[in-house]
Amino acid sequence: METVTRICNRTIQISFALLFILVPLILTPLNYELFEYNKMMLTYGLTVIITAAWIGTMIAKKRIEITNTRLDFPIALFFISQLISALFSMDPHVSWFGYYSRFNGGMFSVISYILLYYAFVSTVEKKYIVRYLTIILTTASIVAIYGILEHFGIDKNLWVQDVQARIFSTLGQPNWLSAYIVALLPLTMAFGIIKSDAKEVHIVKNRKDLFQTLSPSVIFFIVLTSIYFLTLLWTRSRSGLLAFVLADICFITAVGIKKQWFHKFSWPRIMPILIPHIIFFLIIISNGIYIEQVDAWITLKGWQQRIIRIVQPNSTSLNTKIANEATASGTTAETKPTGPALETGGTESGVIRLYVWQGAINAWKSSPKTILIGTGTETFAFAFYQFKPVGHNLTSEWDFLYNKAHNEFLNYLATTGLFGLGAYLFLIGSFIYWFFSNTIRSTKFEARNNIQIQNEKNISDFDIRISDLLSFALFSGWLSILVTNFFGFSVVIIQILFFLFPACCFVLRKKDTAPAYIIPLPFKHNMQIVTLSSTIGVMFIFLFLLVGLWVGDTLFASGYHLVRAGYTSDAYKKFTRALFFNNSEPLYHDELGTTLASFSLAAWENNEATLSSDLAKQSINENAIALSISPNNVNYWKSRTKILYTLSPINATYLDGAIEALEKARTLSPLDPKILYNLAILYGRAGFIDKGIDVLLQAKAMKRGYRDAYYGLVVFYKEKGQTDLMLTTAKEYLELFPNDQEFLDMIQ
């Protein structure tokens with residue numbers, strides 16, 4: 001069984017390397033979601049392989065062996081909190097699989113990250129850490145360089161977003177890219193220090209000697225650090241910049257207090273930190289950090305304009321002149337929202353974020369159950385619909401879907417309650433406490449025993465220094481994740497780093513890891529072979545299922561785009577094939593139901609009554625399946641409304657069902673004025689104009705200046721012959737928007 005052990009260990013090593021390489025890089029245009037879906041599915045696949053290989057080593061050794069770490073109890077508590085919330089979730093399907101298009105955060109992803117953590121600490125040896133970190137940095141270099149090329153327009157025609165203004169590389173979103181890069185920046189400086197090896201440590205007597213101490217490898221990591229920083233800057237992520245400041249201060253402080261690295265002043269070890277910071281400074285004063293109020297004080301251009309205003313107080317700045325000239329010529333540039341929610345738009349992102357945070361708190365406080373265990377793991381999208389503050393309707397993103405709270409901590413509070421947030425904070429606090437206590441203890445031991453690195457070339461001493469330095473870098477990068485998560489949310493690669501950076505620290509400081517949990521397996525040779533074969537078989541079954549899910553998603557994505565391009569027949573075929581591979585996904589059933597409704601109406605118009613009736617039943621049934629899986633998904637109730645309204649020319653009773661479905665949607669999203677507007681239209685079609693007016697008045701009160709509501713009221717008042725109310729409503733709207741020609745025509 002030694003051969004089996006060797007093969008399994010090698011499989012684990014290669015699989016972790018692939019995890020660090022492929023997850024940040026992978027994306028395909030074939031899927032419904034280009035970035036996160038592929039990263040999550042790849043993580044699932046590699047987790048299956050790693051876990052199977054790990055089990056294989058235990059079978060070969062005839063014992064279950066799991067390394068004990070200081071995070072065992074916090075991780076167990078965190079897992080239990082997520083599990084309980086998933087079991088009592090308002091949408092169990094989403095709680096287990098994750099929200100479709102995000103995926104990360106469901107129970108299956110939580111299980112994967114925990115398995116990866118324990119497989120790593122139990123099987124990876126200290127000597128492999130440097131290799132893995134080198135792989136991580138190499139992959140991040142590709143990501144960063146591609147991001148820089150994006151800034152210069154390499155793929156500007158491929159995206160709706162203005163990718164030159166805010167790069168996102170292969171991560172899919174600027175804030176995600178910044179979180180990834182910031183977490184790795186301390187490592188580049190750490191490797192720069194490591195590469196300034198023992199033979200280069202000497203007293204610098206002149207400038208020539210100073211630069212001779214910089215080996216090509218040190219220069220490489222200085223350049224790499226600068227590339228990472230430039231990438232961070234061009235994401236224009238404020239949370240990323242704040243996280244970098246924290247990580248940078250933490251790393252420099254931690255390195256400075258360790259005597260074995262700076263027991264004497266050493267230029268070669270200072271340069272990998274000093275030179276990048278000089279470069280950071282030069283980049284900032286020339287480029288700025290894209291925060292206008294700050295750039296006015298820290299950039300050369302800002303000071304130039306400030307001096308001009310002092311010397312020539314009556315002159316206008318260059319920017320003002322340009323703006324005035326553009327206005328005079330009628331060529332003012334129109335600013336178009338080109339990014340995702342909370343990134344662009346008329347309302348300042350911080351204001352919108354506060355409304356989303358308030359919605360998270362409202363959801364948490366909504367009942368004793370939610371206070372304790374939340375609405376259900378990964379169900380924020382549905383919780384926000386129910387409990388969003390009415391003020392959110394006044395923002396430019398009032399009708400956006402928020403499937404995350406844009407604050408990881410509030411997201412846990414809303415979806416998993418005090419138990420979930422408490423367990424998450426306990427996990428974070430436990431690692432911070434362990435790292436600081438371990439560092440302080442080792443530092444005091446060195447000081448008490450006057451430990452110095454006497455022999456710079458002693459390999460064991462050098463290994464100790466590398467372990468400490470890399471631990472500081474990993475911890476500093478890990479802290480940055482807490483900051484970026486506070487102003488956003490974690491994605492697949494960030495969650496991998498969140499769990500595996502501490503794992504790396506435990507492996508690097510193996511002496512502080514408690515003994516492993518060991519359970520003997522009384523296997524005879526034949527039983528070993530049977531168990532090992534079964535493990536391999538189960539692994540391939542899981543991989544086969546994952547491939548099926550991936551193929552199903554590509555088929556669904558193809559159908560989704562086809563139906564919106566008007567090719568409903570081709571889309572129908574894609575949807576049915578997608579359901580063959582993944583029959584449990586409610587979104588597939590929902591889209592198929594909507595498509596079948598259009599087929600039913602077409603058959604009715606062609607006088608094919610029997611076919612139309614059958615298609616109508618299938619359409620309603622598909623939507624019913626979606627609702628049976630996710631009964632609290634307001635979008636599926638909207639789809640049901642659309643289906644029944646589409647079918648209403650065939651049978652007038654369907655209109656009553658459409659109203660009933662939209663009333664249900666209203667209970668799930670009570671402060672959505674668009675639902676009220678559509679409900680009013682349905683009431684009008686059913687002949688209940690008074691009900692329609694009442695609903696539109698509510699919609700108008702919910703959203704100031706809501707044009708559709710005003711327009712609907714004008715139409716209804718006109719139908720009822722209430723001319724005074726019609727004119728009053730139109731004039732009320734014109735007080736807000738006096739240039740709306742259609743309303744001006746109404747009052748003439």
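Reader: How do you know how confident the prediction is for the protein chain?

Author: The mean pLDDT of the chain is 88, and 88% of its residues reach 70 or more. Over residues 198-206, however, the pLDDT is below 50, although this stretch has 18 contacts in the model beyond near neighbours in sequence. Residues 453-462 also stay under 50, with 11 contacts beyond four places in sequence. Where pLDDT is low, the predicted coordinates should not be read in detail.

Reader: Why is S15 called buried?

Author: The relative accessible area of S15 is 4%. Buried means under 20%, so S15, at 4%, is buried.

Reader: Where does S15 lie, and which residues is S15 in contact with?

Author: S15 lies in helix α1, which covers residues 2-25. Leaving aside neighbours within four places in sequence, S15 is in contact with L46, I49 and I50. A polar atom of the S15 side chain also lies 2.8 Å from the backbone oxygen of T11.

Reader: What makes the phi of S169 and the phi of H406 worth a remark?

Author: Phi of S169 is near 50 degrees, which is a positive value in a residue other than glycine. Phi of H406 is likewise positive, near 55 degrees, and H406 is not a glycine either. S169 is placed in the loop between α6 (129-151) and α7 (174-195), while H406 lies in the loop between α18 (380-387) and α19 (408-448).

Reader: What makes the salt bridge between E348 and R238 a tie between separate parts of the sequence?

Author: The closest N and O atoms of E348 and R238 are 3.3 Å apart. E348 lies in the loop between α15 (318-329) and α16 (349-364), whereas R238 lies in helix α10 (residues 238-256), so the pair ties together parts that are 110 residues apart in sequence. Both residues are partly exposed, E348 at 40% and R238 at 45%. Elsewhere, salt bridges that share partners join R707, D740 and E742 into one network. A search of the whole structure finds 13 salt bridges.

Reader: Why can W303 belong to a nonpolar surface patch?

Author: A residue of such a patch must have over 30% relative accessible area and no salt bridge. W303 has 39% relative accessibility and counts as partly exposed, so its accessibility passes the patch cut-off of 30%. W303, W297, I307, I310 and V311 make a patch of about 580 Å².

Reader: Which helix gives the most to the nonpolar patch?

Author: Helix α14 (residues 300-311) gives the most, with 4 residues. W303 has its place in helix α14.

Notes. Residues are numbered from 1 along each chain as its sequence is written. This is a predicted model: local features need pLDDT of at least 70, side-chain atom pairs count only at pLDDT 80 or more; totals for chains, interfaces and linings use all residues. Side-chain values use heavy atoms; hydrogens and water are left out. Patches are made of residues with over 30% relative accessible area and no salt bridge: like charges are joined within 9 Å, nonpolar side chains (Val, Leu, Ile, Met, Phe, Trp, Tyr) within 5 Å. Accessible areas come from the Shrake-Rupley method with a 1.4 Å probe; for residues, only the protein chains shown count as cover. A salt bridge is a side-chain nitrogen of Lys or Arg within 4 Å of a carboxyl oxygen of Asp or Glu. Helices (H or I, at least four residues) and strands (E, at least two) are DSSP runs, numbered from the N terminus. Buried means under 20% relative accessible area, exposed over 50%, partly exposed in between (1.4 Å probe, protein chains only). pLDDT is the predictor's confidence in each residue, from 0 to 100. Contact means heavy atoms within 4.5 Å. A polar contact is a pair of N or O atoms within 3.5 Å; within protein, one must be able to donate a hydrogen and the other to accept it, and residues adjacent in sequence count only if both atoms are side-chain atoms.
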